[in-house]
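Please look at the sequence and the model shown here before reading on.

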Amino acid sequence: MQKTILSGNEAFARAAYEAGVTVASAYPGTPSTEILENITQYERIDASWAPNEKVALEVGIGASIGGARTIVTMKHVGVNVAADPLFTFSYTGVRGGMVLVVADDPEMHSSQDEQDSRHYARFAKVPMFEPADSQEALDFTRLAFEVSEQFDAPIMVRSTTRISHSKSIVELGEPLMELPETGLVRDPSKFVMLPGNARIRHPLVEKRLEEMSEWACTQGFNRIEAGDGKLGIITSGVAYQYAREVFPDADILKLGLVYPLPKQMIRDFAARFDTLYVIEELDPFIEEQVKAMGINVIGKEKVPICGELSPGRLRQAFDLNPPNLPPIKEDLPPRPPNMCPGCPHRGVFHALNRLKAYVTGDIGCYTLGFMPPLSAMDTCICMGASIGNATGLSKVLNEEDRKKVVAVIGDSTFLHTGINGLMDMVYNKSTATVLILDNSTTGMTGRQDNPSTGFTLDGQLADQVDLEALCRALGVKHVETVDPAQMDTTRKVIKEAMERPEVSVVITRRPCVLIKHENVVEDLPPLYVKTDKCVACKACLTIGCPAIEWETGKDGSKGNCKVDRLLCNGCQVCMQLCKFDAFGVCDD
Amino acid sequence: MTDNNVTNILMAGVGGQGTLLASEILSEVLMQAGYDVKKAEVHGMAQRGGSVVSHVRFGKKVFSSIIPEGEVDVLFGFELLETYRYLPLVKELGAVVVNNLKIAPPSVALGKRDYPTDVAAKLKELVANVHVVDGLQLAEQAGNSRTVNTVLLGALSNTLEPTHEQWIAAIKSLVPERFLDVNLKAFELGRQVC
């Protein structure tokens, strides 16, 4: 069989193809995004971006009811949005096999919290696999479709950043040649979850979990790796790799199915050891269930509950030979992420900073508006929360403070869950201002399309949501659109909106400089600083553009700003801030 | 146990410099040479000009895709400050291959912090085996300033087992056709450096 190097996300995509999936739906979110982006290469799969995770799952459920094998993918916080249909889908069960891949983000490399999705599996009573490398990502996911149909249950597969974005060698399997038959089958007692039917389904859900727990004791995905018999470890997922690295001689019970647990297998394994550890990332999910079985294990007393594990952190937790690290005595300047040169959001945040707005923020590239020197974001909770937050905040403020409240939200995020907040704002007569920062893409996750961009996941033309008309249809009377690269106009329009004692929406529209589609972003010449005119006032530095750097003066000279012409993309926002005409446009 | 037969390469740079492609090519060539290979990196925020690291580990059997602290055999740096930042992870007899390039982080660009001085000299003070490569100059010589990553791979290639042919094959399989010639030239220029 063909050997290749795949990331976990590429392996999940391959598994969907091999398993005969024909429908895939998702909302992008790091670290899950590349699963769907890789699925588009398999032509027999209808893959699409949904406006949010709840819709993605509902699409998946519909396809499963129609008999197709279906995959839905999202990041951990996306499950919060999708939780409503998930819990009931657990009751109905499936027709075509259905797998929900959830990518957790221990360490919050690019997330607002660290929630452990294994709790959702238990909470929703949905079985969950957890692979430990790309090969298992492929094997377990492919198997999950069979298990889904065998046990009449949706199946979750949990990834983490280190599985999704790590690459390892994978042997590919043969794709299923004959696809499951699709068509309408009426079965309201199974698929209409009104109380009378749901009451009948609940005991079946419980029975299913018991049966799976027994079945899982004899399946290859749960395995014991023999060691020298002195120390036992129960582990799963990427934590298994760290456990093997740090405890090469231990006996290891590696769980591939983390919910439900193979109870008898755990009892038999535990009986052989005086010292038994559970090594798992984030919460004591396995540990607490094993302890509830009356088995004494050591887990979170030693292994950190917060943050990502690593071989180094495990060693530290168990006081094993810490490495002698050569100290660097210098305090090095950090290098946080930053909005790109030419980013259309920069002008907006500069205006908000100058207007002293109290900004309720949201999830996207524009969350970086929090960073100095723009420093124009005061809250950030979750996707879509900015608008509701603004409503709530302005409810409790006096008239003067109320005017300062501005919600910022991106085009994709507005369509994700922001729209509901705006509906409420109009309905309940809020006075806050909403800025929709429309950069014509879903920027932060890597420039994915959404219902307002005019393109589908595979780059085909699509009908575009008209954001202005949509806001008006919700009842917003004041909807204005500005180009955020026009600094004065942007500031003036935002100021007027803030003064108005009614809901106002300002759409700041200019495409992301990294946009994927051709002929969208103008190719403009870079700028330069006329050093004789620069008076070192540093006004241009207040926009925090990575292309502008302060050059300290030597031997008592004043110093000046300079532009890195390789980085500058000619947006001219800095030029508008300079009162001394010190910026010129390169004409070569 | 695994310490003895796994080699660890840590790539450090700034988002947008092409560390990702370089680590892809490196992993591919190592797999072709018959090793077990694992590679880890973080996406998302790192694409927005932030600090980027990519871990590549190879040997007979690799478990963790993350390199344990203090076990980096080769620190492969695309930018001086970022290389310096991750120096504490290098093992005592490790090596550093570093691109002689400064990219100012935001606090430095704003004039609030200083970029550390004489980074290359400090690296040499702390680690015996340091190669400083003028990546940008060689990339421009190859014909495209964006091939710095391939120049650096060339510099690294001499210290590893895969053959010249295996490297060329890996580059051919991962670099888009229209950039292939300039990247092959960049690789050869890098290969002559160390």
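## Basis of the model

This is a predicted model, in which local features need pLDDT of at least 70 and side-chain atom pairs count only at pLDDT 80 or more, while totals for chains, interfaces and linings use all residues. Residues are numbered from 1 along each chain as its sequence is written, chains are lettered from A and ligands numbered from 1 in the order in which they are written, and side-chain values use heavy atoms, with hydrogens and water left out.

Helices (DSSP H or I, at least four residues) and strands (DSSP E, at least two) are runs numbered from the N terminus.

## Start of chain A

Met1(A) lies in the segment before β1 (3–7) of chain A. With a relative accessible area of 60%, Met1(A) is exposed (over 50%; buried is under 20% and partly exposed in between, with a 1.4 Å probe and protein chains only).

Leaving aside residues up to four places away in sequence, Met1(A) touches Glu171(A), Leu172(A), Gly173(A) and Glu174(A); contact means heavy atoms within 4.5 Å. Gly173(A) is 172 residues from Met1(A) in sequence, yet their C-alpha atoms are 7.2 Å apart.

## Helices α1 and α6 of chain A

The axes of α1 (residues 8–18) and α6 (residues 134–151) of chain A come within 8 Å and cross at roughly 30 degrees. That angle makes α1(A) roughly parallel to α6(A) (under 35 degrees; over 145 is roughly antiparallel, 65 to 115 roughly perpendicular and the rest oblique). Axes are lines fitted to C-alpha atoms, for helices over the stretch in contact, and angles run from 0 to 180 degrees between N-to-C directions.

## Four-stranded sheet of chain A

An open sheet of four strands in chain A has the order β9-β11-β10-β13 and mixed pairing; strands pair if DSSP finds at least two bridges between them. β9 (223–225) and β13 (275–279) of chain A each have a single partner strand and stand at the edges, so one side of each lacks a neighbour in the sheet.

Strands β10 (residues 231–236) and β11 (residues 251–255) of chain A run parallel and are joined by five bridges. Helix α10 (residues 237–246) of chain A lies across β9, β10, β11 and β13 of chain A, at about 150 degrees to β10(A).

## Strand β3 of chain B

In β3 (residues 51–59) of chain B, eight of the nine residues are buried. β3(B) pairs with β1 (residues 6–14) of chain B in the antiparallel sense over nine bridges, and Val6(B) stands opposite Gly59(B).

Strand β2 (residues 36–41) of chain B also runs antiparallel to β3(B), joined by six bridges. Lys39(B) has Val56(B) as its bridge partner in β3(B).
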